[in-house]
Each structure stands twice: as C-alpha cells, then as structure tokens.
Amino acid sequence: MANWLRISSRTVANHIKKRMNKGFMGGAVHVNQSSGLWWGLNRGGPVSDRNGRHIDPLAWNRATFLCVQRFKSTLAEKQHDSFLSSDSDDDNQSVDFPGGKVSYTSEMSFISESSQTRVPCYRVLDDDGDLISDCDFQQVSKEVAVRMYSNMVTLQIMDNIFYEAQRQGRISFYLTSAGEEAISIASAAALSEQDIILPQYREPGVLLWRGFTLQEFADQCFGNKADYGKGRQMPIHYGSKKHNFFTISSPIATQLPQAAGIAYSLKMDNKKACVVSYIGDGGTSEGDFHSGLNFAAVMEAPVIFFCRNNGWAISTNVSEQFRSDGIVVKGRAYGIRSIRVDGNDALAVYSAVSAAREMAINEQRPILIEALTYRVGHHSTSDDSTKYRQLDEIVYWKKARNPVNRFRNWVQNIGWWSEQQETQLRNSVRKQLLEAIQVAEKTEKPPLSELFTDVYDHPPSNLEEQEKHLRETVTRHPKDYPSDISV
C-alpha cells in the first residue's frame with residue numbers, strides 16, 4: 001500500500017523587519033533579515049501510511065525551516081488498488097489520488113492568483129555593507145572573502161576593458177556582468193570544483209573563480225588558435241571541460257532540461273556533486289524552463305536552478321513577462337524547494353547556494369534560487385538600454401545598490417582589505433588584461449579547415465562541396481577576407 005503524505009501547517013518565525021528603500025520591479029519586496037534562510041516549499045509534517053502507522057521522515061536540514069519527504073515513484077504501480085477507496089470515515093472525506101490523499105470540500109473556492117504579500121528576500125548585508133544583526137549566514141574565511149572580492153573587481157575591470165575593445169572594433173561583440181558581479185562569484189565560491197555548470201551567458205565569474213585565466217578569456221573573445229572553440233563561436237561564449245563548465249550557447253533556456261538530465265546521471269552514479277544551471281528572468285518565459293524544472297522534480301535530480309532576475313529581459317520589463325510574484329513562486333508549482341535572495345549581497349548569495357548545494361546532494365532534490373539584482377549595463381554591445389528605461393533608474397542601482405562596493409565595505413570594515421590593496425589590485429588586473437589582449441590579437445587565427453571539422457567523422461559530400469566553394473571564393477577575392485587566416 002502506498003505511503004501518503006500528511007501535510008501540516010507551520011509558521012515561519014521572525015518574519016520581516018523592514019522593506020527595501022525602493023521596490024523591485026513588480027512591487028515592493030520585503031527583505032528577510034531574520035535568523036534564517038526562508039525556503040518556499042510544500043510544508044512537510046509527519047509521514048504516515050493510510051492506516052496511521054508512523055514512518056520516520058527525512059532529517060531536517062540546518063538551513064531550512066521546513067522539509068518534506070516525497071512519495072516514492074517506485075510505488076506508483078501500487079496506487080491503482082487504492083484509487084477512490086473508502087475503507088474508513090476519513091476516506092469518505094477524501095480521495096486517494098496518484099501523488100497523495102486529497103480532501104473533499106463542499107465550498108467552491110478558487111486558489112488566489114497571488115498572495116497578499118510578496119515572498120521575502122533573504123539578505124545578510126545592508127546596502128552600506130554592514131552585517132545585519134542576528135542574521136543567519138554561512139561564515140567565510142578571510143582567504144575566501146578576499147578572493148571573492150578580488151574576483152569581483154577583476155570581473156568588473158575585465159568587462160570595462162573588453163567592452164571598450166568592442167567599441168574600438170577589435171572584437172565583434174561583448175556582454176557585461178555589470179551590477180551582477182556578486183551572483184556569479186559568490187555562487188561559484190559556494191560550490192565544489194566537481195559541480196557541473198551549465199551557464200546562460202552572464203556567468204564568466206564562475207569560470208574566473210575556477211581558474212580560467214585572463215589570457216583564456218581574451219583568446220576566446222578574439223577567436224584565435226588558442227580559443228578552445230577554434231574561433232567558431234561569437235565572443236563571450238566560453239567553455240572549459242577542465243573546469244566542468246559547459247560551453248555557452250546562444251539559444252535561451254535550452255540548458256535547463258540538459259541540466260536536469262546531467263544531474264540525474266550524477267544521481268545514478270552516486271556522485272557527491274550537483275549541477276548548477278543559470279538563467280535570466282527572460283529565460284523563464286521559455287518552455288524549456290518549465291520542462292526542465294518538472295523533469296528535475298519528478299526524477300529528484302540534484303540540480304540548482306539559479307535565476308538572475310535583473311528586471312529586464314533585454315527590453316522587456318518583468319511586469320510585462322508574467323503576473324506571478326517573480327520566479328521563486330514557480331518552484332512550488334513543480335514541487336521544488338525555493339528561495340529568493342538579494343543578488344547584490346555576496347554573503348547572502350554565498351550562504352543560500354551553500355545551503356542549496358547541501359540539500360541538493362544530501363537529499364537528492366532540485367532547488368530553485370531567484371536572485372533579485374539589476375543589469376546596470378546594456379544587454380550587450382548591440383543594445384542601448386536608455387531607449388527603454390530611465391537613466392536615473394540605472395544610476396540608482398549602479399550607486400546605491402552596487403554589489404562590489406557593498407562587499408568591499410564589509411571586507412574593509414572588518415580589517416581584511418585596505419586602500420593600498422585596492423590600488424594594487426586594480427592596477428595589476430588592468431595591466432594583465434591589456435597584455436592579454438595584445439597577445440590574443442597577435443595570435444594566429446584558426447585555419448579555414450576548422451570550420452568543417454569536429455561534426456562528422458567523414459564529412460558528407462555537400463559539406464565538402466561547400467568547403468571547396470569557400471576556398472575558391474577566398475582565392476578570387478582575397479581583399480574581402482582577413483589576411484591572417486590560413487586557407
């Protein structure tokens with residue numbers, strides 16, 4: 001006989017102490033400054049079979065108030081004999097349905113389209129970088145904190161220099177992480193090198209944390225022979241097998257179902273690792289977002305879906321994308337434990353991802369994280385964001401909610417950082433980047449033949465014909481093609 005879940009209500013203590021000074025897109029969001037992370041999920045209680053016999057529930061995780069043990073899918077074939085049964089008085093008021101017992105009611109009541117209050121946003125540091133009293137967060141060592149800040153500064157400088165290189169016509173395209181530096185760096189710091197990353201395109205900070213060099217970044221953007229993608233991809237589409245970082249692809253959200261499948265393979269192999277897949281708020285409007293989450297939930301795959309809700313999907317505001325309370329509430333619809341976190345608070349992101357990773361691996365379950373942040377820069381070098389949003393809005397987030405400045409205040413206030421270190425770091429990173437760009441520009445481009453390799457073991461005749469035609473065209477019109485490419 002199937003084991004059914006009896007769900008009991010519980011209250012989340014120490015709720016919200018204050019609101020954000022300025023509301024996030026879609027309405028004001030409470031900031032959780034209580035002594036714990038707030039995880040939105042199906043609230044769990046004692047687990048019993050339908051005869052009332054107690055079954056030991058899962059141990060509660062230290063970082064969550066609530067926990068639930070799912071019905072085991074291996075018992076699905078046993079459900080048919082209990083469907084619509086009425087062996088007791090209790091069964092007259094409920095129905096045994098696949099997935100659990102459902103109570104009857106004589107009152108016709110529709111579920112509200114949204115709750116009265118928005119899901120609170122967990123954070124550790126206030127806007128000035130001061131530690132909030134009585135907050136619950138994962139402690140970081142001086143070494144980790146300084147490395148996190150150094151990487152955030154490096155990412156910031158790298159974005160500025162490569163952006164200018166594109167404006168000078170030295171590379172064809174670029175996309176910055178301005179305003180979102182804390183998300184990629186802090187989340188990467190909370191993960192293990194064995195955890196597999198499926199990025200969207202605004203996560204170079206994860207690669208930077210894992211040891212991808214500035215020269216490797218430059219080689220990819222310039223598409224030379226040292227580029228692991230052999231110059232086939234547009235700039236910022238990084239990838240590294242060494243660092244468990246899947247190559248970025250332009251189609252939006254396609255990585256989410258893939259992440260669920262990869263996570264399930266880790267589960268089958270009993271690996272103590274998880275998958276982390278990043279997505280923007282715009283990507284949640286794609287069908288792959290929903291199929292990826294549902295797949296992961298049903299298969300109980302150890303994957304973290306990390307959504308960067310920066311308020312804008314290129315030129316589309318989140319209020320024009322969906323009517324729900326952001327992204328975090330979507331997790332519950334699929335039976336996924338979820339949390340909303342301040343994406344501009346490096347300590348909050350680090351703490352939330354640390355707890356999420358522990359739950360994903362130890363409990364073999366997916367987790368959804370929504371990070372509220374703001375894209376300070378243009379969507380890409382092909383975009384002018386002042387055409388669809390106010391300049392004062394951009395300035396406000398760049399100055400008042402800057403994640404790099406906030407984290408610097410914290411590490412400096414506790415004596416782990418100084419003005420002298422700041423100057424040395426910025427000068428050193430800038431020098432290294434300029435040198436890397438010079439080397440990348442001088443490095444030879446991949447030969448023309450690389451356009452036709454690595455797909456087929458034996459190229460088909462139509463591909464061979466295309467290669468022949470291209471070579472003939474280059475030979476006839478040499479001035480129309482780069483001279484540094486070997487034909």
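Predicted model: local features only at pLDDT ≥ 70, side-chain atom pairs only at ≥ 80, totals over all residues.
**Helix 1 against helix 4**

I started with who touches whom: T154, M158 and F162 of helix 1 meet L214, F217, A218 and F222 of helix 4, contact being heavy atoms within 4.5 Å. By class I get 6 nonpolar residues, 1 polar and no charged ones (nonpolar is Ala, Val, Leu, Ile, Met, Phe, Trp, Tyr, Cys and Pro; charged is Asp, Glu, Lys and Arg; the others, Gly among them, are polar).

Numbering runs from 1 along each chain as its sequence is written, and side-chain values use heavy atoms, without hydrogens and water.

Next I looked up the geometry. The axes of helix 1 (residues 142-167) and helix 4 (residues 214-222) come within 12 Å and cross at roughly 30°. Helices here are DSSP runs of H or I, at least four residues, numbered from the N terminus; axes are lines fitted to C-alpha atoms over the stretch in contact, with angles from 0 to 180 degrees between N-to-C directions. So I logged the two helices as roughly parallel (angles under 35 degrees). The crossing is right-handed, meaning the near helix is turned clockwise from the far one by less than a right angle.

**M158**

Buried or exposed, I wondered about M158? M158 has 0% relative accessibility, so I put it down as buried (under 20% relative accessible area, 1.4 Å probe, protein chains only). Leaving aside neighbours within four places in sequence, M158 is in contact with Y174, P204, L214, F217 and L433. I also checked M158 against V429: they are 271 residues apart in sequence, but 8.1 Å apart C-alpha to C-alpha.

**Rings**

I found 12 aromatic pairs in the structure, a pair being rings of Phe, Tyr or Trp (its six-membered ring) with centres within 6.5 Å. F162 and Y174 have centres 5.5 Å apart and planes at 45°, so I call that pair tilted (neither stacked, under 30 degrees, nor edge-to-face, over 60). F162 sits in helix 1 and Y174 in the loop between helix 1 and helix 2 (181-189), so the pair ties together parts 12 residues apart in sequence. Both F162 and Y174 are buried.

F217 and Y238 pair edge-to-face, 4.9 Å centre to centre with 90° between the planes. F217 is in helix 4 and Y238 in the loop between helix 4 and helix 5 (255-268), so this pair ties together parts 21 residues apart in sequence. I have both F217 and Y238 down as buried. Last entry: ring pairs link F212, F217, Y228 and Y238 into a cluster.

Methods. Parallel < 35°, antiparallel > 145°, perpendicular 65-115°, else oblique. Buried < 20%, exposed > 50% of the residue type's maximum accessible area, 1.4 Å probe, protein only.
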